[in-house]
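Here is a short report for a first look. It starts with the terms, then moves from the ligand to the whole chain.

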Amino acid sequence: MLDLFPPEGRQEIGEGAVLLHGRALAHQHALLAAIETIAARSPFRRMVTPGGFQMSVAMTNCGRVGWVTDRSGYRYDPNDPETGTPWPDMPEVFATLAREAAREAGFDGFAPEACLVNRYEPGTRLSLHQDKDERNYAHPVVSVSLGLPATFQFGGLKRSDRPTKVPLQHGDVVVWGGPSRLAFHGVAALKDGEHPLTGRRRYNLTFRKAL
Ligand code: SIN
Ligand code: FE2
């Protein structure tokens with residue numbers, strides 16, 4: 001088969017938005033082990049949107065604050081509402097990967113306080129949205145894919161802008177910032193499959209400078 005992108009290649013998917021193919025592969029085992037540790041303290045849960053819909057993606061967080069949604073709205077919270085205690089600390093391997101990937105994409109000095117951990121199962125999807133609950137948009141979003149492949153939908157600044165379909169594989173890292181910071185994005189329904197490290201699951205780590 002023709003290999004369109006080398007494993008460590010770089011693909012511009014928008015202005016200020018870049019896909020770093022395989023950038024997280026060297027850390028795959030440490031990242032997955034850390035997800036287990038985080039979930040043992042702050043379990044994955046399906047949150048409810050302000051409109052009252054239960055999300056299909058299961059989520060948890062680590063870092064100084066975590067992204068949560070419930071009937072009262074979206075927010076960053078220093079505590080896990082399920083446990084009533086602070087979110088697990090952000091593991092060093094997470095913070096280092098996020099900072100280095102951001103720098104390679106052209107965003108120096110990225111020091112995220114928040115890491116949202118998403119867990120997808122076959123059929124699970126994330127509808128088009130903007131990441132806009134952060135206090136400033138000068139910093140990028142860094143997103144790490146692990147496990148089953150997915151189709152990332154990367155659109156423009158208007159919901160009606162037709163999104164580009166970007167295949168994401170285990171170990172890929174996407175960084176979007178600058179003119180793309182508020183781009184609409186989402187994840188198409190996960191296709192069934194079996195990944196040697198995660199089984200019938202995909203994990204995504206989303207790093208943001210929230211405060
Ligand atoms: C997100 O937008 O929060 C997640 C993106 C992804 O799962 O790749
Ligand atoms: Fe997002």
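## Terms first

Ala, Val, Leu, Ile, Met, Phe, Trp, Tyr, Cys and Pro count as nonpolar. Asp, Glu, Lys and Arg count as charged. The others, Gly among them, count as polar. The model itself is predicted.

## Around the ligand

By these classes, the shell around ligand 1 holds six polar, three nonpolar and one charged residues. Its members are Asn-118, Tyr-120, Leu-126, His-129, Ser-143, His-185, Val-187, Arg-202, Asn-204 and Thr-206.

Oxygen atoms of ligand 1 approach N or O atoms in several side chains. For Arg-202, the distance is 2.8 Å. For His-185, it is 3.0 Å. For His-129, it is 3.1 Å.

How much of ligand 1 does the protein cover? On its own, ligand 1 has 260 Å² of accessible area. The protein covers 98% of that.

## The whole chain

Now step back to the fold. The chain has 15 strands and two helices. Its radius of gyration is 16 Å, close to the 17 Å that the globule rule gives for 211 residues, so the chain is as compact as a globular protein of that length.

The C-alpha trace spans about 50 × 35 × 35 Å along its principal axes.

Notes. Residues are numbered from 1 along each chain as its sequence is written. Chains are lettered from A and ligands numbered from 1 in the order in which they are written. This is a predicted model: local features need pLDDT of at least 70, side-chain atom pairs count only at pLDDT 80 or more; totals for chains, interfaces and linings use all residues. Side-chain values use heavy atoms; hydrogens and water are left out. A residue is near a molecule or strand if one of its heavy atoms lies within 4 Å of it. A polar contact is a pair of N or O atoms within 3.5 Å; within protein, one must be able to donate a hydrogen and the other to accept it, and residues adjacent in sequence count only if both atoms are side-chain atoms. Accessible areas come from the Shrake-Rupley method with a 1.4 Å probe; for residues, only the protein chains shown count as cover. Helices (H or I, at least four residues) and strands (E, at least two) are DSSP runs, numbered from the N terminus. The radius of gyration is taken over C-alpha atoms; the globule rule is 2.2 Å times the number of residues to the power 0.38.
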